[in-house]
Amino acid sequence: MKCYRYLGRYYGLRTLLDGRFKLSAPCEFNDPFDCAGAIVGTISNRYFEKFVKPTIDKDGFLEDLQEEENYGLCERGTMRQHVEQFKEFYKRALIQRYLNKRSDFNKVVRILCLSNAGDGSDRHRSDDALLWSHYAEAGRGLRIGLDIDDAELPSPVVVRYTNQMPSMNLKELKVCIDSEPYDGHPQVEFLDRCLRTKSKPWFYEREVRLAFPVMDKRIEFRSGKNFVKLKPKLFWRIDFGHKTFRDDAEFLSVVEKLRVRGYGHVEFRLAALDQRRYGYRYRTVDEVGKAEMKRLEKEARRARWKQMHETVCGS
């Protein structure tokens, strides 16, 4: 699978020099609903009598209250009100315990977020402008193409975009809290669904994720951040933004230096604004080189004509 990683100019060039990509914990994502889920359902009377009441009413308060209500010693409906209050309290406590347990998810996994490049062509990518603007300093950065079909990498997680948040029922929630996670466990399946789901407005990202366990030996910890180093063979394309360089000559100079550093097999391109549609067009190194040669030849001709003019006029 071919993907892109969009980066700003400084971090992009730094990534190319050492091959290290920054990883993020789920709690660091810019979408506040990312990797989040909803707890749904209610506590039925039967469930309350069987599981909740023995836990929270060890002193027999509810039995005494029911007896007083039966004998008319307190207002009718008081028992039901207290039961509903206990239900709501238990539900909140259950959810909070799960959230505390779920926070461990942020401690055990680090994620590399990429954008699906499809077949690598620039067709059907009219939303590239959004990605360049949001993640590559409005065209001042670059994007790195990676081929992640590698046995040594985690299996890619393709994000699904929907208007409905992943949800878990309260009954499943209690199972999650009372037992340790294992493959196929409701908590593991729920967190997996949360990892794979985002709200529909983020569809333009076409996100693909690589989830690395924190204990993975490839993860390096530097300056309070996690990085993973990827092999140069995984790089297949590097595109620079339309504002990354001052001119074509600087682009060609940087490409030459990168090729010496082990990126000789990589396709380099320079982005330019398309004048006919909302989007970008990309020029290869050969196309940029030819344009630069024409520019230099044109400047040389102008210099010769200027010199001849000064010679004739001066004589």
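**Entry 1. A tryptophan and its partner**

I began with W132, which has 0% relative accessibility and so counts as buried. The model I am reading is a predicted one. I then looked up Y6, which also counts as buried, because its relative accessibility is 8%; the cut-off for buried is under 20%.

Next I searched the whole structure for aromatic pairs and got 12. Y6 and W132 make one of these pairs, edge-to-face, with 5.5 Å between the centres and 90° between the planes. I checked where the two residues sit: Y6 is in strand β1 (residues 2–7) and W132 is in helix α6 (residues 128–135), so their pair ties together parts 126 residues apart in sequence.

I also looked up Y10 and Y11. Their ring centres are 5.1 Å apart and their planes stand at 80°, so I noted this pair as edge-to-face. Y10 has 53% relative accessibility and therefore counts as exposed.

Which residues do ring pairs link into a cluster with W132? I listed Y4, Y6, W132, W236, Y280 and Y282.

I then looked for charges over rings of this cluster. K2 has its charged end over the ring of W236, at 4.6 Å from the ring centre. R269 lies over the face of Y282, and here the distance to the ring centre is 4.3 Å.

**Entry 2. The eight-stranded sheet**

I traced an open sheet of eight strands with mixed pairing, in the order β6-β10-β4-β1-β5-β13-β14-β15. Which strands stand at its edges? They are β6 (157–158) and β15 (280–284); each has a single partner strand, so one side of each has no neighbour in the sheet.

I followed the order through β13. Strand β5 (residues 142–147) runs antiparallel to strand β13 (residues 235–240), and five bridges join them. I144 has I238 in β13 as its bridge partner. On the next step, β13 and β14 run parallel and are joined by four bridges. There I found F240 opposite L270 in β14.

I checked burial for strand β14 (residues 267–273). Five of its seven residues are buried, so I put the strand down as mostly covered.

**Entry 3. The three-stranded sheet**

I also traced an open sheet of three strands, ordered β2-β12-β11, with antiparallel pairing. Its edge strands are β2 (20–23) and β11 (219–222), and each of them pairs on one side only. From one strand to the next, I read an average twist of 40°.

How many bridges join β2 to β12? I counted four between β2 and strand β12 (residues 225–229), with the two running antiparallel. Across this pairing, R20 faces K229 in β12.

**Entry 4. The largest pocket**

Last, I looked up the largest pocket, which holds about 920 Å³ of space. Its lining has 33 residues, and R5, Y6, L7, K22 and S24 are the closest to the pocket centre. Y6 was already in my notes as the edge-to-face partner of W132.

Which elements give two or more residues to this lining? My list reads β1, α1 (9–18), β2, β4 (109–116), α6, β10 (207–213) and β12. I compared this with the sheet orders: β1, β4 and β10 are among the strands of the eight-stranded sheet, while β2 and β12 belong to the three-stranded sheet.

Technical notes:
Residues are numbered from 1 along each chain as its sequence is written. This is a predicted model: local features need pLDDT of at least 70, side-chain atom pairs count only at pLDDT 80 or more; totals for chains, interfaces and linings use all residues. Side-chain values use heavy atoms; hydrogens and water are left out. Rings of Phe, Tyr and Trp (its six-membered ring) pair if their centres lie within 6.5 Å; planes under 30 degrees apart count as stacked, over 60 as edge-to-face and the rest as tilted. Buried means under 20% relative accessible area, exposed over 50%, partly exposed in between (1.4 Å probe, protein chains only). A charge sits over a ring if NZ of Lys or CZ of Arg is within 6 Å of the ring centre and within 35 degrees of the ring normal. Two strands pair if DSSP finds at least two bridges between them. Axes are lines fitted to C-alpha atoms, for helices over the stretch in contact, and angles run from 0 to 180 degrees between N-to-C directions. On a 1 Å grid over the protein atoms alone, a cavity is a set of points where a 1.4 Å probe fits but cannot get out, and a pocket is an open set with protein on both sides within 12 Å along at least five of seven lines; lining residues have an atom within 4 Å of a point. Grid points are joined across faces, edges and corners, and a volume is the space filled by probe spheres set on the points.
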